[in-house]
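Please keep the sequence and the coordinates at hand while reading.

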Amino acid sequence: LSALTVPAPASAEEIKLDGTWVLTVDARGRQRDYYLELKQDGSKVSGSFISPRSGSFAIKEGTLKEGALKLVVPRNLGDAVRIFEIVAKLGADGTFKGTLAVDGNDGGGVVIKKDNTKPTVVGRWMASAGSKDGEPVRSMIEITADKDGKLSGRSFSDSGEFPLNVVKFDGKKLSYRLVLDFGGEKVTFVVEAELKGRFLMSGKWFDKADANFGGPWTANLAAAGGGGRGGARSQGNRRPEGRER
């Protein structure tokens with residue numbers, strides 16, 4: 001009877017690390033959440049350690065052996081590089097529990113759980129639109145959803161505030177249009193991008209009237225409470241470099 005009620009322990013062979021995980025650090029009663037975007041190739045683990053406050057950092061070394069997950073992450077925090085080392089053991093419920101060491105010192109306990117939240121583009125994103133002839137155009141875009149789930153949004157930069165038109169997201173791909181006025185001439189740009197995990201979108205932008213004119217487009221989810229609505233490099237509503245009519 002007990003065998004019917006007690007779940008079988010999860011094994012390293014059954015766990016699929018690919019995807020997003022929530023990492024909760026408890027240091028002397030103070031908790032902070034981070035995220036892990038993981039990819040697994042046999043016993044090797046790669047990906048990113050993501051802080052909503054300071055950005056994304058590549059995992060330098062990662063392994064999963066006999067239910068033990070080990071990750072080494074150098075974090076460049078401006079004035080110094082801190083080495084985060086996570087060691088956690090897989091439990092019967094599919095959750096990893098272990099410890100964090102920072103530069104070899106105790107950084108607290110950790111709990112790592114699979115993130116099963118529904119993918120969304122709702123939020124504030126720091127976007128960069130590149131071109132072959134000029135510097136990237138940077139801005140912040142803010143996407144919201146009404147009670148029926150209909151999406152809308154705005155783009156912010158030192159050049160001004162502009163609405164996003166025809167905002168669509170199918171669970172994986174985002175698209176929208178942005179109309180800008182260049183000296184009395186209104187030009188419609190289209191952005192098409194794919195959501196990568198929870199924190200990155202990448203794709204392309206192009207002129208609706210000339211799909212051959214455009215370039216790469218990327219966006220990173222802005223830190224909670226940060227980013228502001230200004231601060232992007234002013235473009236003065238100039239034409240993108242290399243534009244020809």
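Does Trp205 count as buried or exposed, judged by its relative accessibility? Trp205 counts as buried, because its relative accessibility is 8% and the cut-off for that class is under 20%. This value, like every other in this report, comes from a predicted model.

**Aromatic side chains**

Trp205 belongs to an aromatic cluster that it forms together with Phe182, Phe189 and Phe213. With Phe213, Trp205 makes an edge-to-face pair, in which the ring centres are 5.6 Å apart and the planes stand at 85° to each other. Phe213 is likewise buried, with a relative accessible area of 15%.

In total the structure holds seven aromatic pairs. Another of these joins Tyr34 and Phe49, whose ring centres lie 5.0 Å apart and whose planes meet at 35°, so the pair is classed as tilted. Tyr34 sits in strand β2 (residues 30-41) and Phe49 in strand β3 (residues 44-51), so that the pair links distant parts of the chain, 15 residues apart. Tyr34 is buried at a relative accessible area of 9%, and Phe49 also counts as buried, at 1%.

A further ring takes part in a contact of another kind: Arg75 lies over the face of Phe84, at 4.7 Å from the ring centre.

**The barrel**

Eight strands close into a barrel, in the order β10-β11-β12-β13-β14-β15-β16-β17, and their pairing is antiparallel. From one strand to the next, the twist averages 30°.

Strand β10 (residues 123-129) is joined to strand β11 (residues 137-145) by seven bridges, with the two running antiparallel, and here Ala129 has Val137 in β11 as its bridge partner. β10 also pairs with β17 in the antiparallel sense, over five bridges, and in that pairing Ala129 stands opposite Trp217 in β17.

| Strands | Bridges | Facing residues |
|---|---|---|
| β1 and β9 | six bridges | Leu23 and Ile112 |
| β3 and β4 | four bridges | Ser51 and Gly55 |
| β8 and β9 | seven bridges | Thr99 and Gly109 |

Two of these pairings are hairpins: β3 and β4 have three residues between them, whereas β8 and β9 have two residues between them.

**Two residues with positive phi**

Where does Asp103 lie? Asp103 is found in the loop between β8 (96-102) and β9 (105-114), and although Asp103 is not a glycine, its phi is positive, at about 55°. Asp103 is partly exposed, with a relative accessible area of 38%.

Glu66 likewise has a positive phi, near 50°, in a residue other than glycine. The place of Glu66 is in the loop between β5 (61-65) and β6 (68-76). With a relative accessible area of 76%, Glu66 is exposed, because that class begins over 50%.

**The largest pocket**

The largest pocket holds about 680 Å³ of space. It is lined by 31 residues, of which Glu37, Ile50, Lys196, Arg198 and Phe199 are the closest to its centre. At least two residues of this lining are supplied by each of β1 (19-27), β2, β3, β4 (55-58) and β17 (210-221). The lining thus draws on β17, a strand of the barrel, and also on β2 and β3, the strands that carry Tyr34 and Phe49 respectively.

Methods: Residues numbered from 1 in each chain as written. Predicted model: local features only at pLDDT ≥ 70, side-chain atom pairs only at ≥ 80, totals over all residues. Heavy atoms only, no water. Pairing = 2+ DSSP bridges. Axes fitted to C-alpha atoms, helices over the stretch in contact; angles between N-to-C directions. Phe/Tyr/Trp six-rings, centres within 6.5 Å; stacked < 30°, edge-to-face > 60°. Buried < 20%, exposed > 50% of the residue type's maximum accessible area, 1.4 Å probe, protein only. Lys NZ or Arg CZ within 6 Å of the ring centre and 35° of its normal. 1 Å grid on protein atoms, 1.4 Å probe; cavity = no way out; pocket = protein on both sides within 12 Å on 5 of 7 lines; lining within 4 Å. Points joined across faces, edges and corners; volume = space filled by probe spheres on them.
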